[in-house]
Amino acid sequence: MNRILIVGEHDGSRLNPAIAKCVTCARGIPDAEITIAVFAADPTAVAADAATVAGVDRVVTVTHAIHSNALAAAIAPQLAELAAAYTHVFGPSTTFGKDLMPRVAALLDAPQVSDLMAVESATRFRRPIYASNAITTVAAAEGSKIIATVRIASFEAAGVSVAPAPIEAVTVAAEPATHTRFISVSSARSDRPDLQTAAKVVSGGRALASADNFGILFKLADKMGAAVGASRAAVDAGYAANEMQVGQTGKIISPDLYLAFGISGAIQHLTGIKDAKTIVAINKDPEAPIFEVADIGLVGDLFQIVPELDRLLG
Amino acid sequence: MKRILVAIKRVVDYNVRIRVKPDGSGVITDGVKMSINPFDEIALEEALRLKEKGIVEEVLAVSIGTADCQQQLRTALAMGADRAILVQTDAVIEPLDAARIFRALCERETPLLAILGKQAIDDDCSQTGQMLAALWGRPQATFASKVEINGDVARVTREVDAGLETIEVDLPAVITTDLRLNEPRYVKLPDIMKAKKKPLDTLDPGALGVTPVERLKPVKFEPPPVRAKGVMVKDTQELIDALRRKGLA
Ligand SMILES: Cc1cc2nc3c(=O)[nH]c(=O)nc-3n(C[C@H](O)[C@H](O)[C@H](O)COP(=O)(O)OP(=O)(O)OC[C@H]3O[C@@H](n4cnc5c(N)ncnc54)[C@H](O)[C@@H]3O)c2cc1C
């Protein structure tokens with residue numbers, strides 16, 4: 001029996017959609033029993049969410065005022081304590097999971113598989129390295145505890161179960177560390193679809209040349225029901241918010257459609273879009289490397305093509 | 001003396017096109033340009049700026065790896081680090097062992113901060129800083145895009161999925177750097193000459209009480225799957241037609 005503990009990332013009220021993908025990954029492990037752990041100031045709503053993810057056997061909750069914000073230093077000792085009873089501890093490859101899981105692994109003196117993209121057995125996994133320019137298969141010694149962050153672009157979300165899993169409140173002895181304090185979070189909140197889970201993404205690069213010009217992409221995205229992404233060059237130049245960055249050091253996404261306007265196609269950008277089902281590239285340079293990965297390419301000026309698309313899709 | 005410890009990893013330069021060896025035993029690194037991991041260069045730059053502000057007196061650059069890592073440490077010294085330590089080994093060092101080595105050095109050198117890159121662009125693990133913080137029993141502020149030191153606390157802005165998060169951590173602490181934290185300075189020729197005289201010590205992992213262990217055995221390396229060749233369309237209408245055929249517009 002493999003006992004898998006998944007840390008249930010949430011925003012205080014909802015389970016992060018990435019967790020249903022972690023569950024799919026965990027179900028790939030033979031003979032798996034799956035538990036989701038929710039750390040929260042009030043876990044009620046999130047635990048109820050977690051209990052309905054298909055394939056989940058049990059939800060455990062740890063309630064503490066400090067968990068009103070997700071801090072790795074606060075969660076890690078408690079998660080490590082819970083982990084004693086499990087063979088695998090998984091988190092999503094989100095900034096939350098990337099921050100937390102190695103801290104847990106070190107407390108458990110266990111190795112971590114980062115960006116787990118495929119399960120070959122309970123101890124053998126595939127993961128990308130070198131900005132996804134190579135894939136490696138790694139094997140852990142039989143019987144060693146395994147910590148992993150799950151590359152969410154590699155897995156479909158588990159469905160919703162009609163018979164919710166049991167929820168159990170647990171107490172842990174480990175006190176959360178207090179040397180780390182949450183101050184604030186700021187985000188360019190919008191009503192647009194979330195970049196990480198959107199079916200369609202419209203994305204812009206340095207060629208947009210200003211934050212104002214990005215407005216034409218937002219307009220097109222709204223017409224298509226798409227999220228908006230950006231290259232690092234566009235973010236660095238201040239044309240787009242940092243949370244819009246797609247790529248090796250931004251978000252790794254797997255939409256059905258990715259429309260890239262004025263993005264050259266640097267390796268680090270392509271890392272973020274390789275799992276998109278259809279990539280469309282619009283670039284005025286026919287030699288731009290983005291055309292090597294595009295399913296549909298169009299050579300031309302985005303400042304002419306975006307408004308045309310907007311009009312013709314009308 | 002107040003100091004900052006900075007991690008410097010020697011990696012394949014980010015401009016190199018990576019190729020997997022035909023026998024699947026690894027990626028080709030022979031004759032390939034090697035550099036300081038870009039995130040570590042940002043870590044060093046941040047440490048140098050904190051020294052220039054008078055917050056610390058010394059910047060210590062540490063690398064773990066083969067004798068060749070001396071090249072990257074010399075570059076770090078030329079950028080402005082005061083001294084360097086190479087923990088020399090030919091073994092493959094997994095993040096947990098790197099963290100154990102850094103922990104031993106943190107205990108010996110008692111830095112105010114340990115600054116590491118948020119990930120190395122070879123194995124893309126993004127683990128060492130967090131593991132060091134856990135083993136050292138200190139706070140971590142990962143993916144930093146802004147760092148302010150006020151007395152014995154650091155206020156750090158972090159790049160998270162939702163946007164920008166600000167946290168406060170007690171010092172000493174571990175910080176890992178994101179790309180927008182700063183832009184590293186260029187090395188000037190006279191500094192390269194001066195760097196030759198700066199101290200660069202070599203240590204054995206054993207001297208720090210660490211025997212590297214292989215916990216995750218790499219059994220195979222493969223190139224990524226290639227995408228099927230796409231089509232070119234000649235105008236916007238054709239693009240829309242192609243999208244409609246796929247049910248995407
Ligand atoms: C360690 C590291 C990590 C990185 N991580 C990331 C990452 O996560 N994400 C990322 O995106 N980058 C990342 N980068 C940066 C990456 O290497 C590139 O610099 C960046 O992706 C380039 O952005 P761009 O394509 O917008 O700009 P450019 O490369 O400047 O390309 C602009 C493109 O626009 C085209 N163009 C110009 N005008 C028009 C027009 N009017 N109409 C149509 N096309 C036009 C040009 O032909 C060109 O192809 C990273 C780099 C490093 C070193």
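Modeller: Let's start with A:Phe214, which is buried at a relative accessible area of 0% (buried is under 20%, exposed over 50% and partly exposed in between, with a 1.4 Å probe and protein chains only). This is a predicted model, in which local features need pLDDT of at least 70, side-chain atom pairs count only at pLDDT 80 or more, and totals for chains, interfaces and linings use all residues. Residues are numbered from 1 along each chain as its sequence is written, chains are lettered from A and ligands numbered from 1 in the order in which they are written, and side-chain values use heavy atoms, leaving out hydrogens and water.

Phe, Tyr and Trp rings (the six-membered one for Trp) pair if their centres lie within 6.5 Å, with planes under 30 degrees apart stacked, over 60 edge-to-face and the rest tilted. By this rule, there is 1 aromatic pair over all chains. The rings of A:Phe214 and A:Phe218 have centres 6.4 Å apart and planes at 55°, so they form a tilted pair. A:Phe214 and A:Phe218 are 4 residues apart in helix α5 (residues 214-224) of chain A, which means about one helical turn separates them (helices, H or I of at least four residues, and strands, E of at least two, are DSSP runs numbered from the N terminus). A:Phe218 is partly exposed, at 24% relative accessibility.

A:Arg3 is partly exposed at 23%, and A:Glu33 is partly exposed at 22%. The whole structure has 39 salt bridges over all chains.

In chain B, B:Lys9 forms a salt bridge with B:Asp122, with the closest N and O atoms 3.1 Å apart. This pair links distant parts of the chain, 113 residues apart: B:Lys9 is in the loop between β1 (3-7) and β2 (10-12), and B:Asp122 in the loop between β6 (113-117) and α4 (128-136). B:Lys9 is partly exposed at 28%, whereas B:Asp122 is buried at 12%.

B:Asp68 and B:Arg10 also meet in a salt bridge, at 3.9 Å from N to O. B:Asp68 lies in the loop between β4 (58-65) and α2 (69-79) and B:Arg10 in strand β2 of chain B, so they tie together parts 58 residues apart in sequence. B:Asp68 is partly exposed at 40%, while B:Arg10 is buried at 17%.

Finally, the largest nonpolar core has 52 residues, and A:Leu100 and B:Phe102 are among those with the most contacts inside it (such a core is a set of buried Ala, Val, Leu, Ile, Met, Phe, Trp, Tyr and Cys residues joined through side-chain atoms within 4.5 Å). Helix α3 (residues 95-109) of chain B gives the largest share of this core, 8 residues.

Note on methods:
Salt bridge = Lys/Arg side-chain N within 4 Å of Asp/Glu carboxyl O.
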